[in-house]
Every structure is written in C-alpha cells, then in structure tokens.
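Me: I want to learn how to read an interface between two chains. Where do we begin?

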There are 2 protein chains.
Amino acid sequence: MAQKKILSLLAMERIMKEAGAYRVGEDAKEALRDALEHIGEQISKEANELSRHARRSTIKAEDIKLAARQQK
Amino acid sequence: MAQKKILSLLAMERIMKEAGAYRVGEDAKEALRDALEHIGEQISKEANELSRHARRSTIKAEDIKLAARQQK
C-alpha cells in the first residue's frame, strides 16, 4: 500500500505538534503519512490472519491489539 | 497521547480493507486508531530529536524516515 494517501496531512501535523514539534515541513507530513499507512497495513494484515486463526470473519479489537504488539 | 482521536475511523476502515479485510468491527477501527496515533507520536518525538541533532528547528522528511526506520 505505497502512497495510498488515506490519512490527511492535517492529521499528521496535529500528531507531530502533539508530540512537541515546533515547526513541521510539508515533506515531513507526507513522510509520516507514508510511514503510518505502511505500518497500518502491516498491522491490518496480521490482524486479518489472527481473526481467521480464531475462526472469525470479522476483525475485532483484540486482533488489532495483538497484531500491533507484534509490530516491529 | 492516549486516545487523542485525531485519525478518522473511516480512514482506519479503508486501511484495513486495502489490506484485505473482509469485515471490520467498530472496536477494531478504534484499536487501529489508538495504535497508529501512539506509533505516530513515537516517530514524531524521535524525529523532533533528530532535527535538533541536525541543528534545525523544522522537522523534515529525512527526520521522519530515519525515526520510522528505528521504530520498534
């Protein structure tokens, strides 16, 4: 899922400001979006497998939490 | 940054669907939002330090990319 541009750049700026950023370049917002979409995809794929492992067709919070914990 | 609710649940659903999810529970969208906001905060804090290390006051894409690579 390279460059899907699902997350908004405004949201990326807010996350960085909340984390204590003083000034944020436009390219940094795009880089954070790319990184989080990639990580979100990895977590989702793992959660999908975990839900099937539990013989469910619906992904639940427990699948996401377990997948996020395993995320490298 | 626990439960900042900056990212939209619709975006979380889209990321999961793109990753191949068939059905997605509402609680799973909230769990993915929490996970990605937490990871986004960790990357942003690290990027902030990296920008200061490079004697800049603006976070650039290179800071985010390096911080994301170091993300555990």
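Reply: Begin with the word contact: heavy atoms within 4.5 Å. Keep in mind that this is a predicted model. By that cut-off, 40 residues of chain A are in contact with 41 residues of chain B.

Me: How are the two chains related, by what turn and what shift?

Reply: Chain A lies on chain B with an RMSD of 0.0 Å. The turn is 180 degrees, and the shift along the axis is 0.0 Å. That is the relation of a two-fold axis.

Me: Which surface does each copy use to meet the other?

Reply: Compare the interface residues of the copies. Here 100% of those in chain A are also interface residues in chain B, so the copies meet through the same surface.

Me: What area is buried between chain A and chain B?

Reply: Buried area is what the two parts lose on being put together, summed over both. For chain A and chain B it is about 3,300 Å². Carbon and sulfur atoms give 71% of that.

Me: How many polar links are there between chain A and chain B?

Reply: Twelve residue pairs are in polar contact, both residues at pLDDT 80 or more. On the side of chain A that touches chain B, H2(A) gives the most, with 13 residues. That side divides into 22 nonpolar, eight polar and ten charged residues.

Me: What about salt bridges?

Reply: Side chains of opposite charge can pair when their charged atoms come close. Between chain A and chain B the count is two. In a salt bridge at 3.4 Å, N to O, B:Lys4 meets A:Glu18.

Me: How many salt bridges are found over all chains?

Reply: The whole structure has 14. One pair within chain B is B:Lys29 with B:Glu13, with the closest N and O atoms 3.2 Å apart. This pair links distant parts of the chain, 16 residues apart: B:Lys29 is in helix H2 and B:Glu13 in helix H1 of chain B.

Me: In which sense do E2(A) and strand E1 of chain B pair, parallel or antiparallel?

Reply: Look for bridges between strands. E2(A) and E1 of chain B pair in the parallel sense, over two bridges. A:Thr58 stands opposite B:Arg23 in E1(B).

Conventions: Residues are numbered from 1 along each chain as its sequence is written. Chains are lettered from A and ligands numbered from 1 in the order in which they are written. This is a predicted model: local features need pLDDT of at least 70, side-chain atom pairs count only at pLDDT 80 or more; totals for chains, interfaces and linings use all residues. Side-chain values use heavy atoms; hydrogens and water are left out. Copies are superposed by least squares on the C-alpha atoms of residues with pLDDT of at least 70 in both. Buried area is the accessible area (1.4 Å probe) that two parts lose on being put together, summed over both. A salt bridge is a side-chain nitrogen of Lys or Arg within 4 Å of a carboxyl oxygen of Asp or Glu. A polar contact is a pair of N or O atoms within 3.5 Å; within protein, one must be able to donate a hydrogen and the other to accept it, and residues adjacent in sequence count only if both atoms are side-chain atoms. Helices (H or I, at least four residues) and strands (E, at least two) are DSSP runs, numbered from the N terminus. Ala, Val, Leu, Ile, Met, Phe, Trp, Tyr, Cys and Pro count as nonpolar, Asp, Glu, Lys and Arg as charged, and the others, Gly among them, as polar. Two strands pair if DSSP finds at least two bridges between them.
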